[in-house]
Amino acid sequence: MKGDSFTMEYVTLNNGIKMPQLGYGVYQTKPSETEKAVSTALEVGYRLIDTAASYGNEEGVGEAIKKSGLPREELFVTTKLWVQDHGYDNTLKAFDTSMKKLGLDYLDLYLIHKPYGDYYGAWRAMERLYKEGRIRAIGVTSFWNERLADLFNCNEVKPAVNQIETNVWNQKWDEAAFMKQHNIQQEAWAPFAEGNNDVFKNPILQQIAQKHGKTTGQVMLRWLLQRGIVVIPKSVHKERMEENMNVFDFQLDETDMEVIRSLDTKKSTIYDEMDPQISLFIGSRKIHD
């Protein structure tokens with residue numbers, strides 16, 4: 001896939017499916033703005049679109065895809081199953097609801113959004129949908145190593161993807177090593193740490209950006225790409241979408257990579273997934289009646 005200034009890079013998942021390494025995420029994009037934002041992203045050249053039932057904007061994604069006129073096989077669409085709909089029968093129903101909202105005949109990647117509740121029942125329903133050809137790949141989100149190991153050790157289909165928070169403050173090297181060992185693709189949510197700790201003005205990142213004639217945001221994305229991680233930055237502004245896409249024409253050297261590694265705090269600046277109160281909040285959040 002070629003645009004004005006980039007040639008997309010791909011990863012191959014453990015079932016042989018090719019996935020663009022850079023995509024477009026719609027987390028926190030208002031439903032009323034989603035169709036326009038995704039349409040713009042598709043015009044810019046994004047072909048991986050990442051949404052979720054809990055974002056409330058699957059319809060907007062679907063409308064943008066429909067109006068784009070792009071061949072379905074050129075697109076890689078991801079959505080996610082919310083905790084409220086875990087369990088075998090609930091998952092089958094929730095999947096149908098998402099597909100209706102997206103207006104698609106098949107899904108490229110379906111993810112369990114969080115590791116709470118009856119995610120075993122959910123996974124077995126997803127295995128069924130995968131075997132039926134309704135989903136090209138299945139995976140999970142925010143599964144720490146122990147839960148990821150338990151899931152694939154006790155089920156038939158190994159997750160193709162684990163989407164976890166990964167950014168310069170929370171670099172997840174142990175998780176990356178475990179996923180690589182077991183041939184599970186790492187995908188980064190919050191690649192910019194949601195701007196926390198004034199990350200875009202960090203002096204170390206600014207110095208590397210100046211060295212390469214790039215922005216700090218581009219340096220952060222390039223750093224993730226060079227680690228072999230799939231990245232899904234979000235923006236509703238066309239200029240920023242283009243900037244985020246324009247990261248395939250330079251390479252960080254070993255010194256750059258190591259200096260960025262020194263920023264790792266091994267903690268999230270967003271929320272601590274090991275905090276029981278976070279677990280209780282996520283596990284009880286309802287997205288529908």
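How do the residues of the lining of the largest pocket divide into nonpolar, polar and charged? The division is 17 nonpolar, 10 polar and seven charged. The structure is a predicted model.

## Largest pocket

The volume of the largest pocket is about 840 Å³. Its lining consists of 34 residues, and those nearest the centre are Y27, Q28, W189, A190 and E194.

Two helices, α9 (238-245) and α11 (276-284), each contribute at least two residues to the lining of the largest pocket. The most comes from α11, which gives three residues.

## Second largest pocket

The second largest pocket holds about 460 Å³ of space. It is lined by 20 residues, with N170, K172, E175, K266 and K267 closest to its centre. By class, the lining of the second largest pocket has seven nonpolar, four polar and nine charged residues.

Both β8 (161-165) and α6 (173-181) supply at least two residues each to the lining of the second largest pocket. The largest share is that of α6, at three residues.

Two packed helices are described by the angle between their axes and the distance between the axes.

Helix α9, which also supplies at least two residues of the lining of the largest pocket, packs with helix α1 (residues 31-44) at an angle of about 40°, and the axes of α1 and α9 are 10 Å apart.

On the α1 side, the contact is made by A37, T40, A41 and V44, while α9 brings in K238, M241, E242 and M245. Sorted by class, the α1 and α9 contact contains five nonpolar residues, one polar residue and two charged residues.

## Packing of α7 and α8

Helix α7 (residues 203-212) and helix α8 (residues 216-226) have axes that come within 8 Å and cross at roughly 90°. That angle lies in the range of 65 to 115 degrees, so α7 is roughly perpendicular to α8.

Which residues of α7 and α8 meet? From α7 they are L205, Q206, I208 and A209, and from α8 they are T216, V219 and M220. The contact of α7 with α8 has five nonpolar and two polar residues, and no charged residues.

Key. Residues are numbered from 1 along each chain as its sequence is written. This is a predicted model: local features need pLDDT of at least 70, side-chain atom pairs count only at pLDDT 80 or more; totals for chains, interfaces and linings use all residues. Side-chain values use heavy atoms; hydrogens and water are left out. On a 1 Å grid over the protein atoms alone, a cavity is a set of points where a 1.4 Å probe fits but cannot get out, and a pocket is an open set with protein on both sides within 12 Å along at least five of seven lines; lining residues have an atom within 4 Å of a point. Grid points are joined across faces, edges and corners, and a volume is the space filled by probe spheres set on the points. Helices (H or I, at least four residues) and strands (E, at least two) are DSSP runs, numbered from the N terminus. Ala, Val, Leu, Ile, Met, Phe, Trp, Tyr, Cys and Pro count as nonpolar, Asp, Glu, Lys and Arg as charged, and the others, Gly among them, as polar. Axes are lines fitted to C-alpha atoms, for helices over the stretch in contact, and angles run from 0 to 180 degrees between N-to-C directions. Contact means heavy atoms within 4.5 Å. Angles under 35 degrees count as roughly parallel, over 145 as roughly antiparallel, 65 to 115 as roughly perpendicular and the rest as oblique.
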